[in-house]
Amino acid sequence: MVRQERAIRTQLSILKAAAEVFDAYGYEAATIGEILKRAGVTKGALYFHFPSKLALAEGVLEQQFSLVRVESGPCKLQEFVDTGLAVAYHMRRDPLVSAVARLSLEQELRAEYGPLAIRQWIEASTKLLTAAKEQGELLHHVVPAESAWLFSAAWTGAQLYSQILNGREDLEDRVVAVFQHLLPSVAVPAVLNRIEVSKERVVRLGAVSGVPTARPDAGAAGAEPGDPTERAKLAASA
């Protein structure tokens with residue numbers, strides 16, 4: 001059990017380091033050497049978990065829906081809004097969240113992974129908006145899947161513009177504006193009046209919605225999972 005927990009911490013440490021490098025330099029310019037330096041692990045440990053740079057990028061992209069968690073509440077439209085606000089908050093502060101956005105739009109990965117990331121985002125939004133529609137929170141003409149596509153496109157566009165124009169310094173403000181402009185077209189007036197969309201809510205959500213990624217203890221004893229002796233032990237116990 002201890003060995004397994006340590007392996008998980010090592011994997012998360014590698015993913016965090018890879019995300020920092022991908023976010024800073026992009027996929028093509030990122031190097032395994034820089035990732036190793038930031039992760040503080042051996043080359044054997046890295047390749048034990050991720051056999052290539054592409055596998056590292058895939059690992060980061062797979063974190064898309066495990067990085068930000070918003071508490072489920074009775075109002076599904078508020079939960080939908082909170083998800084978008086929380087992601088905006090963490091995109092400026094968590095390299096894993098930011099790297100997912102960058103990698104999904106990188107030319108080298110966009111054809112295969114970009115559509116997948118976008119579809120997953122739309123599907124998650126559709127699920128929440130469908131629940132909101134079933135609870136009578138949306139106007140009768142609203143089609144959840146279409147609204148999910150529109151909100152996703154608007155959110156992504158705001159993120160891209162904010163990144164290009166000022167390094168995402170105003171991302172939270174822009175995402176708040178997206179919701180303030182679009183919500184009246186889908187929400188029942190009585191529900192709309194109860195929905196909170198503000199910079200203050202972004203900050204409150206940010207304090208409770210992040211999922212920390214643990215780094216391995218510097219003084220932990222034992223071999224790294226990538227070492228030959230550790231590989232043999234893991235294989236024997238499988």
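This is a short tour of the chain, stop by stop, for use with the viewer open.

Before you start, note that this is a predicted model, in which local features need pLDDT of at least 70, side-chain atom pairs count only at pLDDT 80 or more, and totals for chains, interfaces and linings use all residues. Residues are numbered from 1 along each chain as its sequence is written, and side-chain values use heavy atoms, with hydrogens and water left out.

**The whole chain.** Show the cartoon: you will find 12 helices and zero strands (DSSP runs, numbered from the N terminus: H or I of at least four residues for helices, E of at least two for strands). Of the 238 residues, 47% are buried (buried is under 20% relative accessible area, exposed over 50%, partly exposed in between, with a 1.4 Å probe and protein chains only).

**The largest core.** Next, select Leu77, Phe80, Val81, Leu85, Phe179, Leu183 and Ile195, the residues with the most contacts inside the largest nonpolar core, which has 38 residues. A nonpolar core is a set of buried Ala, Val, Leu, Ile, Met, Phe, Trp, Tyr and Cys residues joined through side-chain atoms within 4.5 Å. Helices α5 (76-91), α6 (95-105), α7 (107-134), α8, α9 (171-182) and α11 (199-209) each supply at least two residues of this core. The largest share, nine residues, comes from α5. Another core, of 27 residues, lies apart from it and includes Val21, Ile32, Leu61 and Leu96.

**Phe80.** Zoom in here. Leaving aside neighbours within four places in sequence, Phe80 is in contact with Ser125, Leu128, Leu129, Phe151 and Phe179 (contact means heavy atoms within 4.5 Å).

**Ser98.** Move to helix α6 and pick Ser98. Is Ser98 buried or exposed? Ser98 counts as buried because its relative accessibility is 1%. Its side chain makes a polar contact with the side chain of Arg168, at 2.7 Å. A polar contact is a pair of N or O atoms within 3.5 Å; within protein, one must be able to donate a hydrogen and the other to accept it, and residues adjacent in sequence count only if both atoms are side-chain atoms.

**Thr130.** In helix α7, select Thr130, which is partly exposed with a relative accessible area of 28%.

**Leu165.** Finish in helix α8 (residues 144-166), where Leu165 is found. Leu165 counts as exposed, at 68% relative accessibility.
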